[in-house]
Amino acid sequence: MAWRALGRKGICHGLTKTLMVKSKDSVASVSKCRYEESAKTLTASVRQLQGRRFTAFQGTDGNSSYLVKRCLIRCIHASPELLYRRGGDDSSGLKTSKRVNQNKGKFSKRNKETKPAVETPYVPPKLQRAAKSLPDKTIEIFEGMTIGELAKRCGESIATVQNIIINVGEKAESEFDSLSIDIAELVAMEIGVNVRRLHSVEGARILPRPPVVTVMGHVDHGKTSLLDALRQTSLAAKEAGGITQHLGAFIVSMQSGESITFLDTPGHAAFSAMRARGAAVTDVVVLVVAADDGVMPQTLEAMSHAKAANVPIVVAINKCDKAAANPERVKIQLASEGLLLEEMGGDVQVVEVSAVNKSGLDKLEEALLLQAELMDLKARIDGPAQAYVVEARLDKGRGPLATAIVKEGTLVCGQHVVVGAEWGKIRSIRDVMRKVIPKAPPATPVEIEGLKGLPMAGDDIVVVESEERARMLSEGRKKKIEKERLMKMDEERQKVEEDKMKAKEEADEDEEEKSDRVEVPIIVKADVQGTVQAVSDALKSLDSPQVFVKVVYSGVGPVSQSDVDMAQACGACIVGFNVRDLPSSISLSASQAKVKIILHRIIYHLLEDIGNLIVEKAPGTLETKVAGEAQVLNIFELKGRSKSKGEDVKIAGCRVMDGRLTKSSMFRLLRSGEIVFEGCCASLKREQQDVDAVGKGNECGLVIKDCLNFQVGDVIQCLVKVNRKPKFISSESGAVRIEC
Ligand code: GDP
């Protein structure tokens, strides 16, 4: 069928590499074929044109009106090579660009003999200059921003941005052309800039939303117990007879109709992992302090985390049921740490609770709602959702599942989403009761199904217009992550090289000191993705100039046989955090394969174990120590010896004052505290007999090779080399490191 282009010339320009498909059926067949064919022949991607472009085309048969009405015109961007191969004339009536002509390719309408378009992975466009990575730079992008605006924000020239846009297969005529938010992100990624998506609130409903709360505090102060107690006050738990599965988050609904969303993973690791990915999910932190224990190192750590994230704190003084409870002391401690408590004139609310007796929970919930009211938490209800992953896991039957919290907009079943570097089409949305719901409004924790890969805690979820966009963005993000990973590896390698150089220089200066960096390969397994990340990061903090912790693999789930096989193959040890105990078959095969498996539920214990393993594997540093000291009492000279018997020698008659002198060691001669000579032992005798060592209090005759300079009263030190191993150091704040 024939197409003719109507309307503005500019419309044609963007289609220089475009084959058009005439109808809904054709679109379907193209999409299908794309899955079936090899990816080599065609660089293709299908995109939907924006409404304003539709009027530009009109088919000569009735099918085309369908496209016009339903806004379903689709274009396939083909490589110039493919167009060339296909040959044929430009019967579409569209102009071909210089680019295509230069390649001697001819633009043609697809005919029946030609092969249909095939699915190819998104091939990111090549920048004319080498792409530089600016991982620290983040720009805000929005739907409909102009090319000029994007170029300005990215700090690139308009020509460069236009080039990238054309390579992506979009129109880039002038700097005033507007872009979709997805294309803007693709361009920014190519340039190496991070993005924050802004969505217009114009005409959208903005309504109050529930607060999202994270519970933090010192170990054993009752965070998990408090979360359990709060969970049981939730409607979901009541309906489920008090039992709810751990989902990453839950909602507590009040009689007043208000509700609070709690993130279900206590502790700082999850909070830090989320923040590290830029996920500002938490609105309020509940700081749990045990009334009988008071402020402890991790209480302070939690305070500094909340402060750094600019998240307000509500204090829950827990274990108030205990006889030794002293809430007043806790308040004074907190105040002295700079927390401005309400009853002391500040704005931090304090509630006394008992997770075991379930007392004070209503007051805590009220305090959280009051805090939320003060913060005037509101969210846009309409429009595309912006959400964050709280937890992700792999379900055998349902594939990757992600617990997410929607921050803005509404997430709707069936939408295409990009989640971190993964993508998918939402197959189902379930609420905390595991009930299928059609959509999720802000601050609702939901479980989404339909992702192609497992995302990570803290990953953002963005809704995109089509599967193709989702694929392109996911590929682009993966490529960016890979590029950054390679850069980081390169930096690490450079650092290792520099460390080695430095160590070599030091070794040249002082030959006695020697250090070689060894690698400790580790496989990390944990219950949820957020913990995997947190444990891997924590293990990296044990890196030292002597030992380099290498996480060879990390994943969610229990330790499996394939983990053991991998560990055996690369000599790694397996670390399991919060995973279920090992089945006997795995324990047996691990012990047969001599694979060490360390399981823990407390991060400090885990780090301590790995720290000790590192110390064991570290080569250590050779150090010189004084093993014995002797004083010269007399000097004997052996002169006029024949050439065959060697040079003249001086024998120092000494008494060992401290330690031992050993013949195999080096000796140092000191006079008035100054080093006069250093050399190895030529002879050590006791009562005319050659001996290997002489102990404290004994007299001996010592000859130091080439030393003819003894004086009575000199001190001789016997030097030995000892290998000093690094030390595992843990500070009161819970921070750990290896000291070499
Ligand atoms: P987390 O490490 O902060 O998560 O602390 P847990 O929730 O695991 O609690 C540590 C210990 O404190 C457990 O033995 C709990 O039973 C106990 N515990 C927690 N809350 C209370 C409480 O309100 N009263 C009493 N008496 N014990 C509590």
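## Ligand shell

By class, the shell around the ligand holds three nonpolar, seven polar and five charged residues. Ala, Val, Leu, Ile, Met, Phe, Trp, Tyr, Cys and Pro count as nonpolar; Asp, Glu, Lys and Arg count as charged; the others, Gly among them, count as polar. The model is predicted: local features need pLDDT of at least 70 and side-chain atom pairs count only at pLDDT 80 or more, while totals for chains, interfaces and linings use all residues. Residues are numbered from 1 along each chain as its sequence is written, and side-chain values use heavy atoms, with hydrogens and water left out.

There are 15 residues around the ligand, and D220, T224, S225, D321 and A355 come nearest. A residue is near a molecule if one of its heavy atoms lies within 4 Å of it. Helix α10 (residues 223-232) gives the largest share of the shell, three residues. Helices (H or I, at least four residues) and strands (E, at least two) are DSSP runs, numbered from the N terminus.

## Ligand polar distances and cover

Which backbone atom lies 2.8 Å from an oxygen atom of the ligand? It is a polar backbone atom of A355. A backbone N or O atom of G222 lies 3.0 Å from a ligand oxygen atom. For S354, an N or O atom in the side chain is 3.3 Å from an oxygen atom of the ligand.

On its own, the ligand has 570 Å² of accessible area, and the protein covers 71% of this. Accessible areas come from the Shrake-Rupley method with a 1.4 Å probe; for residues, only the protein chains shown count as cover.

## Chain totals

The protein chain has 20 helices and 38 strands. Of its 740 residues, 48% are buried. Buried means under 20% relative accessible area, exposed over 50%, and partly exposed in between (1.4 Å probe, protein chains only).

The accessible surface of the chain comes to about 36,400 Å², and carbon and sulfur atoms hold 50% of it. Among contacts with a separation of 6 or more, 72% join residues 24 or more positions apart. Contact means heavy atoms within 4.5 Å.

## Nonpolar cores

In soluble globular proteins, nonpolar side chains tend to be buried together. Here, the largest nonpolar core has 29 residues, and L150, V161 and V187 have the most contacts inside it. A nonpolar core is a set of buried Ala, Val, Leu, Ile, Met, Phe, Trp, Tyr and Cys residues joined through side-chain atoms within 4.5 Å. Two or more residues of this core come from each of β6 (134-142), α7 (147-154), α8 (158-168), α9 (181-191), β24 (460-464) and α16 (467-509). Helix α9 gives the largest share, eight residues.

Leaving out residues up to four places away in sequence, V161 touches I147, L150, A151, E156, V187 and I191. Another core lies apart from the largest one. This other core has 25 residues, including V535, C573, V615 and V736.

## Buried polar and loop sites

R197 lies in strand β7 (residues 193-198). R197 counts as buried because its relative accessible area is 7%. What joins the side chains of R197 and E185? A polar contact of 2.9 Å does. A polar contact is a pair of N or O atoms within 3.5 Å; within protein, one must be able to donate a hydrogen and the other to accept it, and residues adjacent in sequence count only if both atoms are side-chain atoms. Beyond four places in sequence, R197 touches residues including I141, D182, Q386, V462 and L473.

D563 sits in helix α18 (residues 561-570). D563 is buried, at 2% relative accessibility. Its contacts, not counting residues up to four places away, are I523, K525, Y553, P558 and I574. M254 is in the loop between β10 (249-253) and β11 (259-263), and is buried at 17% relative accessibility.

## Positive phi

S672 is not a glycine, yet has a positive phi of about 50 degrees. S672 lies in the loop between β31 (666-671) and β32 (674-686) and is exposed, at 78% relative accessible area. Q688, also not a glycine, has a positive phi of about 70 degrees. Q688 is in the loop between β32 and β33 (689-690), and its relative accessible area of 72% makes it exposed.
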